[in-house]
Amino acid sequence: MQKMVSLCKRRSFIFQSSEIYGGLRSCYDYGPLGVELKRNVKDQWWRTVVHGREDVVGIDASIIMHPRVWEASGHVSGFTDPLVDCKKCKGRFRADKISTETASLKCPDCGNEDPKKFSEIRRFNLMFETHLGAVEDSASVVYLRPETAQAMFVDFEVVQAAGRLKLPFGIAQIGKSFRNEIVVEHFIFRSCEFEQMEVEYFTRPGEADKWFEHWKEERISWYTGLGIRPEKLRFREHSADERAHYAQACFDIDYEFPWGWDELEGIANRTDYDLKKHSEASGKDLTYFDPQTHEHITPYVIEPSAGADRSVLAFLLDAYTEEPPPPGTKNPRTVLRLDPRLAPTKVAVLPLKKNKPELVAVAREIVRGFFEKGINAFYDEKDSIGRRYRRQDESGTPFCITVDFQSLKDRTVTIRHRDSMKQDRIGIEDATPIVADKVF
Ligand code: ATP
């Protein structure tokens, strides 16, 4: 994990926010490579769950919603974690993460097991509160959303009617969520500001189980289809006392992180709980008129809810490889074997020598060709060719194109494949189609 964190900083993937002021707890910035990787993860998700299917549409809702949304959903009263302080080392923890019983608490930092040396367990609401408008009174309190899901319930009727959507159908959204987490941990795994990728999939109540199974399979194949090793993924069923009170079934997709198995995505059958709650609280009819049975029904909801940041972390960790020094070199090779569709830079174009204007001109022409096709290419002329390849390997760039003296004679270049390090000689005109074939 430490190696990943330092690679992320070195190559400008992800680093501490506001670092010149000493950083801020659990706040991270995505640099030039990180933002590309995260955008690619979100694009792939959108392509698969929205563009890739007839039955799902997208929305982009406001982060600040009417405060009554959070009363109706149960978040104002119930979105809490149990907080406990260790009086010995002054550490603060989520009590449920260290023990299921108060009497057997053990401080994960200093090992304190003396029940007298722990504070009372208090409930702590995770929602960030702020005020809308100039007056900071209780009437102006609003919340930063702690999940994107509620917008899909609140907008259910307008989206369904506008698209004349027939059950089963889904509403998807990608966006920021905020939780004032008691413990932030493992780099971007758990932070207070993060992005979610969620679908609320509305079904007839009797078909909910079938669609639950469907989404479990869809979602796990999304990760493996983008290169995560299947043995590093598993389903974990929530026990009855762990499930949200409204959820009929809940499975996590766990990834085997360096600290152990932990949640990447949750898939829940939320039943008709949310639509009914919002209908009661708002007085609006949030039922669906079923043309088959001529009845008004409140659909059930299957919710695959993934974290964009946790996905980025899992893709990075899974792609990270250290190899023995390649023949003729001294240092081990670090390579990010990211799927070309996720790789931040798709191709690097390298003139063999930087002080040869003829080589530079051809390399620049090739870079322009990539940009014209919307392929994120990178021109690099600094240092020896070997060191340039290493930098690209570490950044996950799947292809390097090298312009050498033969290129000037016959308009061919070499294309080097990141994972095998194999090099082929190809015509300059073939470079764009070869790369395009793998990165879209
Ligand atoms: P955990 O048990 O790890 O706190 P959760 O069960 O509360 O997570 P959900 O409410 O199911 O999480 O949220 C769905 C997804 O959103 C999670 O699977 C995760 O990928 C992401 N997520 C939730 N909380 C955070 C966070 N604090 N930082 C980053 N991602 C998060």
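Biologist: Is Lys-38 buried or exposed?
Modeller: This is a predicted model. The relative accessible area of Lys-38 is 8%. Buried means under 20%, so Lys-38 counts as buried.

Biologist: Which residue does the side chain of Lys-38 meet in a salt bridge?
Modeller: Lys-38 lies in helix H2, and the partner lies in helix H10, so the pair ties together parts that are 271 residues apart in sequence. The N to O distance is 3.0 Å, and the residue is Asp-309.

Biologist: How many residues apart in sequence are the parts that Arg-229 and Asp-318 tie together?
Modeller: The two side chains meet in a salt bridge of 3.1 Å, N to O. Arg-229 is partly exposed at 37%, whereas Asp-318 is buried at 10%. Arg-229 lies in the loop between helix H8 and strand E11 and Asp-318 in helix H10, so the separation is 89 residues.

Biologist: Which strand holds Glu-303, the partner of Arg-270?
Modeller: The closest N and O atoms of this salt bridge are 2.7 Å apart. Both Arg-270 and Glu-303 are buried. Arg-270 lies in strand E13, and the pair ties together parts 33 residues apart in sequence, with Glu-303 in strand E16.

Biologist: Which side chain does that of Asp-272 join in a polar contact?
Modeller: Asp-272 is found in the loop between strand E13 and helix H9, and is buried at 15%. Beyond its neighbours within four places in sequence, Asp-272 is in contact with Thr-298, Pro-299 and Tyr-300. The polar contact, at 2.8 Å, is with Lys-276.

Technical notes. Residues are numbered from 1 along each chain as its sequence is written. This is a predicted model: local features need pLDDT of at least 70, side-chain atom pairs count only at pLDDT 80 or more; totals for chains, interfaces and linings use all residues. Side-chain values use heavy atoms; hydrogens and water are left out. Helices (H or I, at least four residues) and strands (E, at least two) are DSSP runs, numbered from the N terminus. Buried means under 20% relative accessible area, exposed over 50%, partly exposed in between (1.4 Å probe, protein chains only). A polar contact is a pair of N or O atoms within 3.5 Å; within protein, one must be able to donate a hydrogen and the other to accept it, and residues adjacent in sequence count only if both atoms are side-chain atoms. Contact means heavy atoms within 4.5 Å. A salt bridge is a side-chain nitrogen of Lys or Arg within 4 Å of a carboxyl oxygen of Asp or Glu.
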